[in-house]
Amino acid sequence: MYIGIETVLALVALPARTILGFELEPQFNEPYLTTSLQDFWARRWNLMVSSVLRETAYNPVRRASVLIIGPKWAQFMAIMASFVVSALMHEAIYYYLSRARPTWEVTLFFVLQGVSTGIEIAAKRAVRDTWRLHRVVSGVLTLGFLLLTGNWLFFPQLLRNGVHEKAIKEYSLIVDFVKLVL
């Protein structure tokens with residue numbers, strides 16, 4: 001998925017740079033080098049969405065929640081709000097791509113990611129830099145968790161509805177068009 005999105009963004013960035021003369025901001029920051037879920041979701045994967053969610057969901061919910069439930073739980077509520085908003089956005093995208101009723105697997109994927117990220121942050125806070133996994137180990141565990149949960153909850157709905165087959169056909173049409181133009 002990462003390679004596909006990165007390729008599409010590179011194809012969009014090329015004419016933007018050539019014709020319009022400006023650079024598009026990168027959308028990823030080497031996500032394969034992640035060391036934790038917090039690192040992956042906040043600093044490495046889909047940077048534009050992370051930035052938007054931080055300003056529209058995380059910060060407002062955290063500010064409002066801190067007064068009611070305190071700073072420790074406010075952070076968790078803000079994380080969950082961000083992941084739920086992302087989940088609902090992805091459900092809408094999946095509906096648009098497949099025209100199939102939501103199965104809510106995607107929402108479960110994002111809720112699971114939010115809960116896991118919150119637990120990870122709490123665990124880091126509890127050990128306070130006195131104990132840390134080696135970055136290779138934590139990276140493998142993080143990517144393994146993302147691959148496992150993604151294959152379990154994120155991708156099945158797309159695969160069941162043939163979205164990948166439609167995308168491959170569309171990519172081949174784009175390649176044929178570029179060949180024709182060149």
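Guide: In this account a pocket is an open set of points, on a 1 Å grid over the protein atoms alone, with protein on both sides within 12 Å along at least five of seven lines, and its lining residues have an atom within 4 Å of a point. This is a predicted model, in which local features need pLDDT of at least 70 and side-chain atom pairs count only at pLDDT 80 or more, while totals for chains, interfaces and linings use all residues. Residues are numbered from 1 along each chain as its sequence is written, and side-chain values use heavy atoms, with hydrogens and water left out.

Visitor: How much space lies in the second largest pocket, and which residues lie nearest its centre?

Guide: The second largest pocket holds about 470 Å³ of space, a volume being the space filled by probe spheres set on points joined across faces, edges and corners. Its lining counts 16 residues, and Thr35, Glu120, Lys124, Leu133 and Ser138 are those nearest the centre. Helices α5 (105-127) and α6 (135-154) each supply at least two residues of that lining, and α6 provides the largest share, with 5 residues. Helices are DSSP runs (H or I, at least four residues), numbered from the N terminus.

Visitor: What makes Lys124 and Glu120 a salt bridge?

Guide: The term requires a side-chain nitrogen of Lys or Arg within 4 Å of a carboxyl oxygen of Asp or Glu; the side chains of Lys124 and Glu120 meet at 3.4 Å, N to O, so the pair qualifies. Both residues lie in helix α5, 4 residues apart, which is about one turn of the helix. Lys124 is partly exposed because its relative accessible area is 36%, whereas Glu120, at 17%, is buried.

Visitor: How do you know that salt bridges join Asp39, Arg43 and Arg44 into one network?

Guide: These salt bridges share partners, and that joins Asp39, Arg43 and Arg44 into one network. Asp39 meets Arg43 at 3.5 Å, N to O, and the closest N and O atoms of Arg44 and Asp39 are 2.8 Å apart. Asp39 and Arg43 are both in helix α2, 4 residues apart, or about one turn. Asp39 counts as buried because its relative accessibility is 8%, Arg43 counts as partly exposed at 45%, and Arg44, like Asp39, is buried. The structure holds 4 salt bridges.

Visitor: What makes the nonpolar surface patch?

Guide: Such a patch joins nonpolar side chains (Val, Leu, Ile, Met, Phe, Trp, Tyr) within 5 Å, using residues with over 30% relative accessible area and no salt bridge. Here the patch covers about 1200 Å², and its members include Val8, Ile19, Phe22, Tyr171, Phe177 and Leu182. Helices α1 (2-20) and α8 (163-181) each contribute at least two residues, with α8 giving the most, 5 residues. Phe177 lies in α8 and counts as exposed because its relative accessibility is 54%. The areas come from the Shrake-Rupley method.

Visitor: Which residues does UniProt list for "transmembrane region", and how much of each span is helix?

Guide: The unreviewed UniProt entry lists residues 73-97 and 135-155 under that name, and such annotations may be inferred rather than shown by experiment. Residues 73-97 are 100% helix, with end C-alpha atoms 36 Å apart, and residues 135-155 are 95% helix, with ends 27 Å apart. The unreviewed entry also lists residues 1-21 as "signal peptide", a span that is 90% helix with end C-alpha atoms 28 Å apart.

Terms used: Patches are made of residues with over 30% relative accessible area and no salt bridge: like charges are joined within 9 Å, nonpolar side chains (Val, Leu, Ile, Met, Phe, Trp, Tyr) within 5 Å. Accessible areas come from the Shrake-Rupley method with a 1.4 Å probe; for residues, only the protein chains shown count as cover. Buried means under 20% relative accessible area, exposed over 50%, partly exposed in between (1.4 Å probe, protein chains only). On a 1 Å grid over the protein atoms alone, a cavity is a set of points where a 1.4 Å probe fits but cannot get out, and a pocket is an open set with protein on both sides within 12 Å along at least five of seven lines; lining residues have an atom within 4 Å of a point.
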